Amino acid sequence: MKDQLSRLEGHLEKLVEGSLARLLGEGLSASGVAGQLARAMSDGVRKEPGGRSFAPNQFALTLNPQAAQDLLVQAPDIQVQLADGLVRAAKRSGYEISEEPHITLAADPTLGRFEVRVISWHSSNPLEFTQSMSKEPGTTPGKIPGGAFLILDNGQHFPLDRPVINIGRRIDNQIVLEDQHVSRTHAQLRVRDGRFVLFDLGSTGGTKVNGRKVKQHILRPGDVITISAMRMVYGEDPGGPPDTSTAYMPPFPPRPAGDQRTVTGGFNRKEGK
């Protein structure tokens, strides 16, 4: 196992040296980042009874905000490059990936200029994938998708274990975003037909998924929700959120989210309403 991890780190170090280190400068340790990527991949490997090993296909790389911005400006296709590199490194190390990998870049102001944090998870159960199941796991009509969660910019996770979740600036939301550009009750997640659906609640600043403004959107693993400066990655994993992430705790205990706040039609609402 240790030899396999060393081989994986070696493959990934070449990837980092050719992309992140070159773009962000000599202060970034290629071996350190490669080690984080390798451990995140190795720790998330799942083995099927037949002996096949599946690596995670969802990765969140969190950097200092300026570093993240510089990286996206200098190499807008960096996420595709990293995803391709991770696939090659996984195969060379004897791992399979059940679905196309997705790399999310996030920002955390508490990180230093050359610090990087890596979190990984599976978007679906790879063992069920190998059995060619026609139905996605955890999507029984009317029930909460099993193992659904959000990964926030700061690396914290929020398990989606209730049918309605409110997001906004008010302290009685389930997820509180302390940003003046976020409406008091900005968006809502609601279970519908066994899937989580994101609704914008007539917010002033709007809600985006994968860079596009939405009024409502059926979420799929890997979708990136953007509200003001905050980005959240939606995931589903039968094992729940990644062990390497910490649990999100709201500043005050939230009240149960009610139906009365769901708005799907368009209307103008002043900030602070």
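Of the contacts in the protein chain with a separation of 6 or more, 66% are between residues 24 or more positions apart, a contact being heavy atoms within 4.5 Å. The structure is a predicted model, in which local features need pLDDT of at least 70 and side-chain atom pairs count only at pLDDT 80 or more, while totals for chains, interfaces and linings use all residues. Residues are numbered from 1 along each chain as its sequence is written, and side-chain values use heavy atoms, with hydrogens and water left out.

The protein chain holds six helices and 17 strands; these are DSSP runs numbered from the N terminus, with helices (H or I) of at least four residues and strands (E) of at least two. Of its 273 residues, 49% are buried, where buried means under 20% relative accessible area, exposed over 50% and partly exposed in between (1.4 Å probe, protein chains only). The chain exposes about 13,200 Å², and carbon and sulfur atoms supply 50% of that area; accessible areas come from the Shrake-Rupley method with a 1.4 Å probe, and for residues only the protein chains shown count as cover.

Beyond its neighbours within four places in sequence, L12 touches A34, L37, A38, L86 and A89.

Next come the aromatic rings. A pair of aromatic rings is described by the distance of the centres and the angle of the planes. Rings of Phe, Tyr and Trp (its six-membered ring) pair if their centres lie within 6.5 Å; planes under 30 degrees apart count as stacked, over 60 as edge-to-face and the rest as tilted. By this rule there are two aromatic pairs. The W121 and F149 rings are edge-to-face because their planes stand at 75°, with the centres 5.5 Å apart. This pair links distant parts of the chain, as W121 belongs to strand β5 (residues 116–121) and F149 to strand β6 (residues 148–152), 28 residues apart. W121 counts as buried at 2% relative accessibility, and F149 does too at 0%. The pair of F196 and Y234 is likewise edge-to-face, with 6.4 Å from centre to centre and 70° between the planes. F196 lies in strand β11 (residues 195–200) and Y234 in strand β16 (residues 230–236), so parts 38 residues apart in sequence are tied together. Both F196 and Y234 are buried.

Strand β16 is mostly covered, with six of its seven residues buried. Strands pair if DSSP finds at least two bridges between them. β16 pairs with β6 in the antiparallel sense over five bridges, and L150 stands opposite Y234. Four bridges also join β16 to strand β15 (residues 224–227), again antiparallel, with I227 opposite M230. The hairpin of β15 and β16 has two residues between the strands, and S228 takes a positive phi near 55°.
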